[in-house]
Amino acid sequence: MPSTIRTTKLPSGEAVQVLGQGTWKMGEDNSRRTSEVNALKLGLDLGITLIDTAEMYASGGAEEVVAEAIAGRRDETFLVSKVLPSNASRAGVQRACENSLKRLRTDHIDLYLLHWPGSVPLVETVAAFEALKKAGKIRHWGVSNFDTDEMEELIGLPGGDNVQTNQVLYNLVRRGLEFDLAPWGRQRNIPLMAYSPVEQGALARNAGLDAIATRHDATAAQIALAWVMHQKGVIAIPKASSQEHVRQNVAALDIKLTPQDIADLDRAFPPPARKRGLEMI
């Protein structure tokens, strides 16, 4: 276990760990439930207290897995969940949040995100988020899969500048957002949350990482994860459904990438030279 777990700050000033636990695809198969719950519990034991989930994941099943994992430990957990854009109306957000709270068996969510932009006017969703904050149902809110122009629109709305994060697809082979979205967020101290930081496992098998992994006596996946956490103002939320995978993710916190490592990674995975549309999976 790392001696200290690095943090970054939300615009509110609250410190949040740069490594969390993702839950996408958890809760889909009852035969894996015990393993998934135990993985999340081990993550908590090792000090990784941020857990990210969503009402969409397994149609609420992932939230139920999280509830089992954090039972009796809610106070030590920073809980993130998401509302679908189809539920993003004023009344829809209220209903969706109440349903998530029931599945999570808690009275509040620490960070509640709009999962991606939809057809409901953003001003309505923001008003709903602010009402949930006032009611104590959520502590903070943010968005997910928003590109730079959508973030600009958001912060121009009444209350829109209360956005705390933008959760996006970001890893060594998905670097397009570095051209404008990442610097835009850094200028405003709005951190990014990086989902699929190991590209759903594909980077664990990428030969471009082997030499650096050897230098650090690490795996390719750990190097990919360490690179994401090396970026300023970025929170990585890899999923780990086995205890060994959790231990490997936590060990990546101790990897200190050198300037040579970064240069080698930039050669193998070049940063963008122009604007690209925001990628999603």
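Helices (H or I, at least four residues) and strands (E, at least two) are DSSP runs, numbered from the N terminus. Keep those labels in mind for the tour.

This is a predicted model: local features need pLDDT of at least 70, side-chain atom pairs count only at pLDDT 80 or more, and totals for chains, interfaces and linings use all residues. Residues are numbered from 1 along each chain as its sequence is written, and side-chain values use heavy atoms, with hydrogens and water left out.

**Stop 1: the second largest pocket**

A pocket is found on a 1 Å grid over the protein atoms alone: it is an open set of points where a 1.4 Å probe fits, with protein on both sides within 12 Å along at least five of seven lines. Lining residues have an atom within 4 Å of a point. A volume is the space filled by probe spheres set on the points, which are joined across faces, edges and corners.

Select Gly185, Arg186, Asn189, Lys232 and Gly233. Of the 16 residues that line the second largest pocket, these are the closest to its centre. The pocket holds about 270 Å³ of space. Which element gives the largest share of its lining? Helix H6 does, with three residues. Strand E1 (7-9) and H6 each supply at least two.

Now colour by class. Ala, Val, Leu, Ile, Met, Phe, Trp, Tyr, Cys and Pro count as nonpolar, Asp, Glu, Lys and Arg as charged, and the others, Gly among them, as polar. This lining has seven nonpolar, five polar and four charged residues.

**Stop 2: the largest pocket**

Select Trp24, Tyr195, Ser196, Gln200 and Lys239. They lie nearest the centre of the largest pocket, which is lined by 29 residues. About 540 Å³ of space lies here. The lining has 13 nonpolar, eleven polar and five charged residues.

**Stop 3: salt bridges**

A salt bridge is a side-chain nitrogen of Lys or Arg within 4 Å of a carboxyl oxygen of Asp or Glu. How many does the structure hold? There are 22 salt bridges.

Select Arg174 and Glu199. Their side chains meet in a salt bridge, 2.7 Å from N to O. The pair links distant parts of the chain, 25 residues apart. Arg174 sits in the loop between strand E8 (166-169) and helix H6 (181-187). Glu199 sits in the loop between strand E9 (192-195) and helix H7 (210-215). Are these two buried or exposed? Both are buried (under 20% relative accessible area; exposed is over 50%, partly exposed in between; 1.4 Å probe, protein chains only).

Next, select Arg139 and Asp110. Their closest N and O atoms are 2.9 Å apart in a salt bridge. Arg139 is in strand E7 (residues 138-144) and Asp110 in strand E6 (residues 109-114), 29 residues apart. Arg139 is partly exposed at 34%, whereas Asp110 is buried at 4%.

**Stop 4: the nonpolar cores**

A nonpolar core is a set of buried Ala, Val, Leu, Ile, Met, Phe, Trp, Tyr and Cys residues joined through side-chain atoms within 4.5 Å.

Select Tyr112, Phe129, Leu209 and Leu257. These have the most contacts inside the largest nonpolar core, which has 80 residues. Helix H8 (residues 220-230) gives the largest share of this core, eight residues.

Zoom in on Phe129. Leaving aside neighbours within four places in sequence, Phe129 is in contact (heavy atoms within 4.5 Å) with Val83, Val93, Tyr112, Leu113, Leu114, Ile138, Trp141 and Gly142.

Last, select Leu50, Phe78, Val80 and Leu113. They are included in a second, separate core of twelve residues.
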